[in-house]
Amino acid sequence: MIPAEEALEVVLREAGALPAEEVALEDALGRVLAEEVRSDRDLPPFDRAAMDGYALRAADVAGAPTALVVVGEVPAGRWPDREVGAGEAIRIMTGAPVPQGATAVQPVERTRPLDEFRVTILAPVAEGANVAPRGSEVRAGDLVLERGRLIDPAAVAVLASAGRARVQVGRRPVVAVLVTGDELVAVAAVPGPGQIRNSNGPALAAQARLAGAVVRVLGLAPDQTEPIAAAVAEGLKADLLVVSGGVSVGDFDLVEPVLAGHGVSFLFTQVAIKPGAPLVFGRRAQTLVFGLPGNPVSAQVTFDLFVRAALLKMQGARVLTRPRVTVELLGPVKNRSGRRAHLPARVRSEGGHLVARPVRSQGSGDLVAHARANALLLMEAERTQAEAGETAEALLLGRYLEDDGATP
Ligand code: AMP
Ligand code: MG
């Protein structure tokens, strides 16, 4: 058994970046940026009015109320055709270029029309007020997005602003998902005696998709060598093969020998974590292979800790692991496993710091408890118990569940 940190190092060492490809901006959401992006112009590109009002010389209205002569108008998208002189004002709209000579914009709410030609400025205004100077946000040539950044809506806005209708992103890894187990039936089936529905297949496919992968579902294989072998042969054509179930040491746990028979070399087969100790990782040529434990929570947690990190690395992402935070425990937790435990919890902010309510769980089969959690409390092997009020580390799972205090 190797420690979790070491297992992650091994996985990340093996997961090489896939080549980049170019996509249209509208297809870039959720992809990983494979180039750095610089602004092609100053932002704002001109001194920009931040309010509807009057562009004027602030010094002219120091003794306001003051009447100014309105000498023009600049809507957004138009270039001013004259300067603002002493005693003058130009009507201006939000987003319009501030004319030469003006040093501030007085919002329309602090003005009143006087007659056909003049406006009364009701209050003084500070130099520079309501004007965003050219280049005050970004200078032409400045780095605006780093390589390896996940493209989220805010990054889409930056790309659009930089004129990037097409963008270089890491190729999506193709992930084959195979589930094994004689007891499993399809989601739409009614389980017979001793049978359960295959929840890992859909869950792992969903996790892979959220991590940016393209999923090939290989379906269900019974605990027999031939069907597993046939599916594995297909799965080894992908960039990454995930097999669920059959990796313990039971009589029907055939995955490891089948993988070995297909030329997969193993880098580890056991990791000192709970849930999930039997966890197989290997590779054949360019294909990475994970054998995850079949228990639903073990499968999801080990995917999140290791497979997700590999998929992000393959796409060239910089951030590969979940954010780790310090929380105050609201209830006691135990870890008698002798391994590092990952316990379901609901984290929220309270009184300026993060608190974590342990979610009651029956163990690594309890997929409903796992879905109620938004974080995993990390309990190192030596820490066999912790009480309410103590602090702990937690991994945030990226599920923004409100803690209503009512969920068990
Ligand atoms: P295994 O790792 O094959 O020994 O399976 C461990 C436990 O996980 C058993 O209770 C299995 O029934 C359950 N299990 C295995 N595969 C799945 C699956 N695809 N969906 C739901 N539960 C599963
Ligand atoms: Mg099994």
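**Close-up views of a predicted model**

**View 1. Helices α1 and α6 are roughly parallel to each other (angles under 35 degrees count as such).** Helix α1 (residues 4-14) and helix α6 (residues 296-314) pack with their axes 9 Å apart and at an angle of about 30°. Axes are lines fitted to C-alpha atoms over the stretch in contact, and angles run from 0 to 180 degrees between N-to-C directions. The crossing of α1 and α6 is right-handed (the near helix is turned clockwise from the far one by less than a right angle). Helices (H or I, at least four residues) and strands (E, at least two) are DSSP runs, numbered from the N terminus. The model is predicted: local features need pLDDT of at least 70, side-chain atom pairs count only at pLDDT 80 or more, and totals for chains, interfaces and linings use all residues. Residues are numbered from 1 along each chain as its sequence is written, chains are lettered from A and ligands numbered from 1 in the order in which they are written, and side-chain values use heavy atoms, with hydrogens and water left out.

**View 2. The shell around ligand 1 has 5 nonpolar, 10 polar and 2 charged residues.** Gly counts among the polar residues. Of the 17 residues around the ligand (a heavy atom within 4 Å), E183, N198, S199, G246 and G294 come nearest. Strands β13 (174-180) and β15 (196-197) each supply at least two residues of this shell.

**View 3. Polar contacts of ligand 1 (pairs of N or O atoms within 3.5 Å).** An oxygen atom of ligand 1 lies 2.5 Å from a polar side-chain atom of E183. In the side chain of N198, an N or O atom is 2.9 Å from a nitrogen atom of ligand 1. G294 places a backbone N or O atom 2.8 Å from an oxygen atom of ligand 1. The protein buries 77% of the 480 Å² that ligand 1 exposes when taken alone (Shrake-Rupley method, 1.4 Å probe).

Methods: A polar contact is a pair of N or O atoms within 3.5 Å; within protein, one must be able to donate a hydrogen and the other to accept it, and residues adjacent in sequence count only if both atoms are side-chain atoms. Angles under 35 degrees count as roughly parallel, over 145 as roughly antiparallel, 65 to 115 as roughly perpendicular and the rest as oblique.
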